[in-house]
Amino acid sequence: MGPKKWVVLVGYKTVKEALVTNADVFGDRQPTALMDEVHKGHGLSWSNGETWKEMRRFALTNLRDFGMGKKACEEKISEECKHLMDILRQYNGKAVDLTEPLYYTVSNIICSLVYGSPFKYDDPQFTKMVDKMKARVHLAGSPSVAVCNMFPWTKGWIKDREKLLNIFDDLKRENLLLFRRLRETLNPHMCRGFIDAFLVRQMYLEESGGTDSPYTEDNLMSTVLALFAGGTDTTATTLRWGLLLMAKYSHIQDQVREEISSVIGSRQVQTEDRKNLPFVDAVIHEIQRFGNIAPMGINHRTTQDIVFQGHFIKKGTTVCPLLTSVLYDDAEWENPNTFYPAHFLDDQGKFRKRDAFLAFSAGRRTCPGESLARMELFIFFVSLLQHFRFTAPPWCPC
Ligand code: HEM
């Protein structure tokens, strides 16, 4: 049994085990079999080890410089949210599928940090990229691809394989065009976004004669695609879960709306309001726990030989840490299988943090977009519930 051929699904028994192991021994990156093929097919290297650490560090530092998790970003988020609400108003109370508008508005936030400015909503390049990304995530979550991720040697039989390869082709083509446009208009003294900062660093290293630099176009492409994918589907899907749960549990929606109305009234919500909205905060956390949108996390690779829960796992093995094992652990949660915001409230109704809340994973691979995502979820969720009441359409059985 070769170490790379098997994928080990890992359920954690305790939060401590998850925090320690995920952070360290399961700390490297590993593509799924199909992503590996996609990368190789495009001559792209899959960065892991030191290269990925450098890319991750550079992305985090620069995204923070461009406002991720800060006031400047809050304004961008509010702008996109207003756009979403304008779309909703046009429906005038009629049933609407929010998937697409949520995808576009959420995606434009990470786009403005990465490409340096938001896209216009009718820009065909933007809509094409978002649609392709949505299709990619949909395919990546299909049962056949999930089976292939666990049994990589079945990849030749996967009928969606071609579709995934074509989607990647399109995303790469559009991004190469954008990179070229940004390169042509680059002002090294005034970076507009993450890509500019990357290109400036690349230029600087070339001029200083550095060899073996990780600042290659390949690594730029992989990082931009990871940020674009990571920053779009996750938040949009979580918000859809949130609105669905509000429609299903209307008494909880009432409590949320009441708290918003008494604490902030009709003014624009700001991140600082979170501390005065403990019930809303608890509901958002519970949406993330219960929605469990990344139940199997993403593939990791072991950095050393390890005996885990009595089983030997060799260094370099692909492991799939099941975040569900912690988010639904009945030793941690009073009602793991129920939507129960009180999981995040103490006896006085104040917000309480829970160690087992691993929706963003943990350790050195933890989600680098957590601060942005938390801000997006809060501002979108509060603004939407401040202005709208969500109910299921009459034909929905929920
Ligand atoms: C509700 C929103 C989000 C959730 C629940 C979420 C969750 C996650 C999870 C569980 C992982 C896997 C971590 C691991 O492998 O241990 C991850 C990785 C990642 N996320 Fe997020 N994420 C969210 C939003 C975002 C946003 C807004 C960005 C954009 C900056 C982002 C960028 C990424 C990237 C680039 C990775 C890969 C990191 C790596 O391979 O080391 N995510 N996210």
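The model is predicted: local features need pLDDT of at least 70, side-chain atom pairs count only at pLDDT 80 or more, and totals for chains, interfaces and linings use all residues. Residues are numbered from 1 along each chain as its sequence is written.

Start with the sheet. Helices (H or I, at least four residues) and strands (E, at least two) are DSSP runs, numbered from the N terminus. Two strands pair if DSSP finds at least two bridges between them. Strands of a sheet pair through backbone hydrogen bonds, either parallel or antiparallel. Here 4 strands form an open sheet, in the order 1-6-3-2, with mixed pairing. Strand 1 (7–11) and strand 2 (28–29) stand at the edges. Each has a single partner strand, so one side of each is left without a neighbour in the sheet.

Now follow strand 6. Strand 1 pairs with strand 6 in the parallel sense, over 5 bridges. Gly 11 stands opposite Leu 322 of strand 6. Strand 3 (residues 300–301) pairs with strand 6 (residues 318–322) in the antiparallel sense, over 2 bridges. His 300 has Val 319 as its bridge partner in strand 6. Arg 301 has Thr 318 as its bridge partner there. How much of strand 6 is covered? Strand 6 is mostly covered, with 4 of its 5 residues buried. The word "buried" has a cut-off: 20 or more other C-beta atoms lie within 10 Å of the residue's own. A residue with 12 or fewer is exposed, one in between is partly exposed, and C-beta atoms are placed from the backbone.

Next come the helices. Helix 2 (residues 33–41) has Ala 33, Leu 34 and Val 38 as its buried residues. Seen down the axis of helix 2, these fall within an arc of 140°, so they line one face of the helix. The arc is that of the directions from the helix axis to the C-beta atoms. An α-helix has 3.6 residues a turn, so residues three or four places apart point the same way. What covers the buried residues of helix 2 includes helix 7 and helix 8. Such contacts have a cut-off too: two residues are in contact if their C-beta atoms, placed from the backbone, lie within 7 Å.

Helix 6 (residues 124–140) has 17 residues. At 1.5 Å a residue, helix 6 should span 24 Å, and its end C-alpha atoms are 24 Å apart, which agrees. The expected span is 1.5 Å times one less than the number of residues. Which residues of helix 6 are buried? They are Phe 126, Met 129, Val 130, Met 133 and Arg 136. Down the axis of helix 6, they fall within an arc of 120°, so they line one face of the helix. These buried residues pack against helix 5 (99–115), helix 8 (161–184), helix 10 and helix 11.

Helix 9 (residues 194–207) passes the length check as well. Its 14 residues should span 20 Å, and its end C-alpha atoms are 20 Å apart. The buried residues of helix 9 are Phe 194, Ile 195, Asp 196, Ala 197 and Phe 198. Their cover includes helix 3 (49–65), helix 5, helix 8 and helix 10. Gly 209 follows helix 9, with a positive phi near 75°.

A residue is near a molecule if its C-beta atom, placed from the backbone, lies within 6 Å of it. Of the 26 residues around the ligand, Gly 230, Gly 231, Ser 361, Cys 367 and Gly 369 come nearest. Helix 10 (217–230), helix 11 (233–248) and helix 15 (370–387) each give two or more residues to the shell. The shell divides into 13 nonpolar, 10 polar and 3 charged residues. Ala, Val, Leu, Ile, Met, Phe, Trp, Tyr, Cys and Pro count as nonpolar, Asp, Glu, Lys and Arg as charged, and the others, Gly among them, as polar.

Look again at Ser 361. Ser 361 lies in the loop between helix 14 (324–327) and helix 15. Its phi is near 70°, a positive value in a residue other than glycine. With 20 C-beta neighbours inside 10 Å, Ser 361 counts as buried.

Asn 92 sits in the loop between helix 4 and helix 5. Phi of Asn 92 is also positive, near 50°. Is Asn 92 buried or exposed? With 7 C-beta neighbours inside 10 Å, Asn 92 counts as exposed.

Finally, Lys 82 is found in helix 4 (residues 71–91). Lys 82 and Leu 384 are 302 residues apart along the chain, yet their C-alpha atoms are separated by 9.2 Å.
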